[in-house]
Amino acid sequence: MPIRRLPEQLINRIAAGEVVERPASALKELVENAIDAGARHIAISLGGGGIGRIEVIDDGSGMNPEDLALALERHATSKLPGDAIEEVSTLGFRGEALPSIASVARLTLESRVRGADGWSRIIENGKLEGEGPAALPPGTRVLVEQLFARVPARRKFLRSERSEYAACLDIVKRLAMARPDIGFTLDHDGRRTLAVQAGQERPERVAALTDRGLAENSVAIDYARGPAQLGGVAGLPTFNRGVADHQYLFVNGRPVRDRLLIGAVRAAYQDLLARDRHPLVALFIDLPGDEVDVNVHPAKTEVRFKDPANVRGLIVGGLRHALDAAGHRSAQQPSAAALGAWKQEPVFSQFAPPRSPGFGGSGGGQASVWDRHADFAPSPAARAEVAEAAPPPVQSFPLGVARGQVAATYIVAEAEDGLVIVDQHAAHERLVLERMRAALSDGGVARQALLIPEVVELDEPACDRIEARIAELGEMGVEIERFGPNAILVRATPALLGQSDVKGLIRDIGDELAAFDQALSLKEKLDHVAATMACHGSVRAGRILSVAEMNALLREMEVTPHSGQCNHGRPTWVKLGHGDIEKLFGRK
Ligand SMILES: Nc1ncnc2c1ncn2[C@@H]1O[C@H](COP(=O)(O)OP(=O)(O)OP(=O)(O)O)[C@@H](O)[C@H]1O
Ligand SMILES: [Mg+2]
């Protein structure tokens, strides 16, 4: 077959195959154009998930009639005054989006520059259908209808209106997050589904688009590494989610999806969260144009970094730094469901429940709602020890002064502004991990020799995996030797774990190494192992603590980084504010 040059229309349609995959990708291009045009406000309206109709109206620069015609030509752009893509500061740069969309839909483009009349052009699947004067305020209005009506192969791959709409909403959120200076509205099938005002601060905008609770449950990030800069907000580990969709990443103001970046976020949170929980983050990376290639993906949603290791270090370092500064903070509001469950049960009021000094006479019998996992008999287990000396003033301690212990599992403390309940096992586990980490970075964890070395039987691959890490485990205070094909001999365990279950510990280390061997760097793996060890060494739920021990635990939590959550991302303590208590008793 002879080689031929393809007609323009066909070229555009082929390009559209890459650029316009679904309504959300067309919408992304239109909103990006509006942002590039310097709009202060962008109004988006969708019909039928964007399959039926996409309309974007902006109050940006507008185009004159000649530019309007050029805008619909391929490779025509106003955004590359020089020829250097590295220097591009706009979201667009290829001059491809509008002709691509116009080749697979009916596109109406109306535009007006300030001080002149408006003009409009209608293109139907690549063919000019008409043009003429248009009445509109300064700015641009783009309407896309019948997307893929003539491209059945594409149309077939569209999902339900609902999921196409969800993809559109996600795009709008990401772009709106990138530009808190611009106002956005989104309507779907006549209903307003998103509205944010121009001129917000970044954290305020992120919270408005994700979760209002983020404001109290996040830390701000401001960090630099080499030429790269990291800003944004990071949710506290206790403010986690079941899916990773709430991670918003931006490179030089461009929303991106990038496995490297997602992996780095994961690494930064890894010992603060259970494996199936995900943090909420909005991270903005800024770096010089020659450090990043933005021209590697048809929808411009991926970038390539010149120095990926530095970017990874930037994210892990920036997040850790910010989360370290969060100290013992944790998601503070007990959930509405838990609060609702804390109601008076008449049956208890007939008995005189044991009174603890801190409760001011209100019975301790209903506290069982705080137990998330196990059933336990409520009042008989509650106990308190009367302090012999006058208790220290509560206001000097954020987590308050211990007043008693409930179910040998929870410490009840009185703080200046409310009642604090601490999960003693979760909290202690966290403290042990942080101690272990500090010791590790200080040159190694102290060991305690076992009186009689213990032989732990495991399958051969597990023994191999553990044997391969003998040196590092030694630094962590675990002294072991291979003992035949199917066993490990344990000579010493970390002193700070105290009396621990050696067999369980070694088995868990074997499992951890197996689960993470492929995926994580050695450092990250060791963090997991440290977390596993911490779990073995901590105060079990069910141990009776003295008031002095309880207070010691509280004081240590206050000065230990990350002590607001256990190693699985659950809170280690919750507070019931005085206001909440008053509500429970109907005083408010
Ligand atoms: N909303 C708008 N307001 C003002 N000018 C616009 C608008 N949309 C498009 N334009 C003009 O039309 C040109 C072509 O737009 P198009 O989206 O096709 O390409 P681009 O934005 O330059 O690059 P890319 O293909 O990477 O998006 C732009 O360079 C810009 O000059
Ligand atoms: Mg564009």
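This is a predicted model: local features need pLDDT of at least 70, side-chain atom pairs count only at pLDDT 80 or more; totals for chains, interfaces and linings use all residues.
## A buried pair: E164 and R22

E164 and R22 are both buried.

Is G49 buried or exposed? G49 counts as buried, because its relative accessibility is 0% and the cut-off for buried is under 20%. The C-alpha atoms of G49 and A167 are separated by 8.8 Å. Along the chain, G49 and A167 are 118 residues apart.

## The fold in numbers

The protein has 588 residues, and 51% of them count as buried. Its secondary structure comes to 19 helices and 22 strands.

Take the contacts between residues at least 6 apart in sequence: 69% of them join residues at least 24 apart. The protein exposes about 27300 Å². Carbon and sulfur atoms supply 52% of that area.

## Other salt bridges

Side chains of opposite charge can pair when their charged atoms come close. How many salt bridges does the count come to? The count is 33.

One of them joins E29 and K300, at 3.4 Å from N to O. E29 lies in helix α2, and K300 lies in the loop between β14 and β15 (304-305). The pair therefore ties together parts that are 271 residues apart in sequence. Both E29 and K300 are buried.

R435 and E556 make another salt bridge, at 2.9 Å from N to O. R435 is in helix α13 (residues 424-441), while E556 is in helix α18 (residues 547-559). So this pair ties together parts that are 121 residues apart in sequence. R435 is partly exposed, with a relative accessible area of 32%. E556 is partly exposed too, at 25%. Salt bridges that share partners also build one network from K28, E29, E32, R74, R94, E96 and K300. The E29 and K300 pair described above belongs to that network.

L283 is in strand β13, residues 281-286. Its relative accessible area is 1%, so L283 is buried. Which residues is L283 in contact with, leaving aside neighbours within four places in sequence? They are I221, L230, G231, V233, Y248, L249, F250, V265, I315 and L319. L283 and L319 are 36 residues apart along the chain, and their C-alpha atoms are separated by 9.4 Å.

H278 is in the loop between α8 (259-269) and β13. H278 has a relative accessible area of 16%. Buried means under 20%, so H278 is buried. Not counting residues up to four places away in sequence, H278 touches N240, R241, G242, V243, A244, Q247, R266 and L273.

## Surface patches

Where does negative charge gather on the surface? One patch of negative charge is formed by E86, E87, D290 and D293. D293 is in strand β14, residues 292-293.

L6 is placed in the segment before α1 (8-19). L6 is partly exposed, with a relative accessible area of 37%.

Definitions and conventions
Residues are numbered from 1 along each chain as its sequence is written. Chains are lettered from A and ligands numbered from 1 in the order in which they are written. Side-chain values use heavy atoms; hydrogens and water are left out. Helices (H or I, at least four residues) and strands (E, at least two) are DSSP runs, numbered from the N terminus. Buried means under 20% relative accessible area, exposed over 50%, partly exposed in between (1.4 Å probe, protein chains only). Contact means heavy atoms within 4.5 Å. Accessible areas come from the Shrake-Rupley method with a 1.4 Å probe; for residues, only the protein chains shown count as cover. Patches are made of residues with over 30% relative accessible area and no salt bridge: like charges are joined within 9 Å, nonpolar side chains (Val, Leu, Ile, Met, Phe, Trp, Tyr) within 5 Å. A salt bridge is a side-chain nitrogen of Lys or Arg within 4 Å of a carboxyl oxygen of Asp or Glu. Lys and Arg count as positive and Asp and Glu as negative; His and the chain ends are not counted. The place of a charge is taken as NZ of Lys, CZ of Arg, CG of Asp or CD of Glu.
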